[in-house]
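Student: Could you walk me through how to read a few features of this structure? I would like the general idea and then the actual case.

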Amino acid sequence: MRGELQLCDRWGIPHSLFRGIGDGTWTARDRAKALAFLEYQRTVCPQCNTRYDDWDHGGEGEEDAYAVTVQRCVGCQVIADKQAELGREDTDTHGVKVGLIPIAAAAALRLQREHAGTRRTTTDDD
């Protein structure tokens, strides 16, 4: 249900509408669910997405609810490499955002720029 409430929060709709049983108005139950979900979200760490209560707090023989995993995201690595490269250049990088777009979109943008650069303006003499 948390996943459903997360989507409802993102889309700004009542849970009953999400479930297909409402007309879009917020019922008392929808409001109670939304407020309960808000309270739950306040207990979740924004960085690691765990809750304090999910961890064993020194209880003997108790295992933690989470295990550490290490994973490399190639997209994040490429972005970090480009940011570091830009930082070494003498150009002003304030406000510069590095992101990823599909290779086909990058090729289309490159062709569009090339076309705009080679397009000549016509005059009445032509």
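Tutor: Gladly, and let us start with polar contacts: a polar contact is a pair of N or O atoms within 3.5 Å, where within protein one must be able to donate a hydrogen and the other to accept it, and residues adjacent in sequence count only if both atoms are side-chain atoms. Here the side chains of His15 and Lys33 are joined by a polar contact of 2.8 Å. Before going on, note that this is a predicted model, in which local features need pLDDT of at least 70, side-chain atom pairs count only at pLDDT 80 or more, and totals for chains, interfaces and linings use all residues. Residues are numbered from 1 along each chain as its sequence is written, and side-chain values use heavy atoms, with hydrogens and water left out.

Student: Is His15 buried or exposed, and where is it found?

Tutor: Buried means under 20% relative accessible area, exposed means over 50%, and partly exposed lies in between (1.4 Å probe, protein chains only). His15 has a relative accessible area of 3%, so it is buried. His15 belongs to helix 2 (residues 15–18); helices here are DSSP runs (H or I, at least four residues; strands are E, at least two), numbered from the N terminus.

Student: Which residues are in contact with His15, leaving aside its neighbours within four places in sequence?

Tutor: Contact means heavy atoms within 4.5 Å. With those neighbours left aside, His15 touches Met1, Glu4, Leu5, Cys8, Asp30 and Lys33.

Student: How many aromatic pairs does the structure hold?

Tutor: Rings of Phe, Tyr and Trp (its six-membered ring) pair if their centres lie within 6.5 Å; planes under 30 degrees apart count as stacked, over 60 as edge-to-face and the rest as tilted. The structure holds three such pairs. One of them is Trp11 with Phe18, whose ring centres are 6.2 Å apart and whose planes stand at 40 degrees, so this pair is tilted. Phe18 is partly exposed, at 28% relative accessible area.

Student: Why does the pair of Phe37 and Tyr40 count as stacked?

Tutor: Their planes are at 25 degrees, with ring centres 6.4 Å apart, so the pair is stacked. Both residues lie in helix 3 (residues 28–42), three residues apart, about one turn of the helix. Phe37 is buried, with a relative accessible area of 8%, while Tyr40 is partly exposed at 24%.

Student: What about charged side chains?

Tutor: Side chains of opposite charge can pair when their charged atoms come close. A salt bridge is a side-chain nitrogen of Lys or Arg within 4 Å of a carboxyl oxygen of Asp or Glu. The whole structure has five salt bridges, including one between Lys82 and Glu85 at 3.2 Å, N to O. Lys82 and Glu85 are three residues apart in helix 4, about one turn of the helix. Lys82 is partly exposed at 36% relative accessibility, and Glu85 is partly exposed at 33%.

Student: Which residues do salt bridges that share partners join into one network?

Tutor: That network consists of Arg51, Asp53 and Asp54. The closest N and O atoms are 3.8 Å apart for Arg51 and Asp53, and 3.5 Å apart for Arg51 and Asp54. Asp53 is exposed, at 57% relative accessibility, whereas Asp54 is partly exposed, at 26%.
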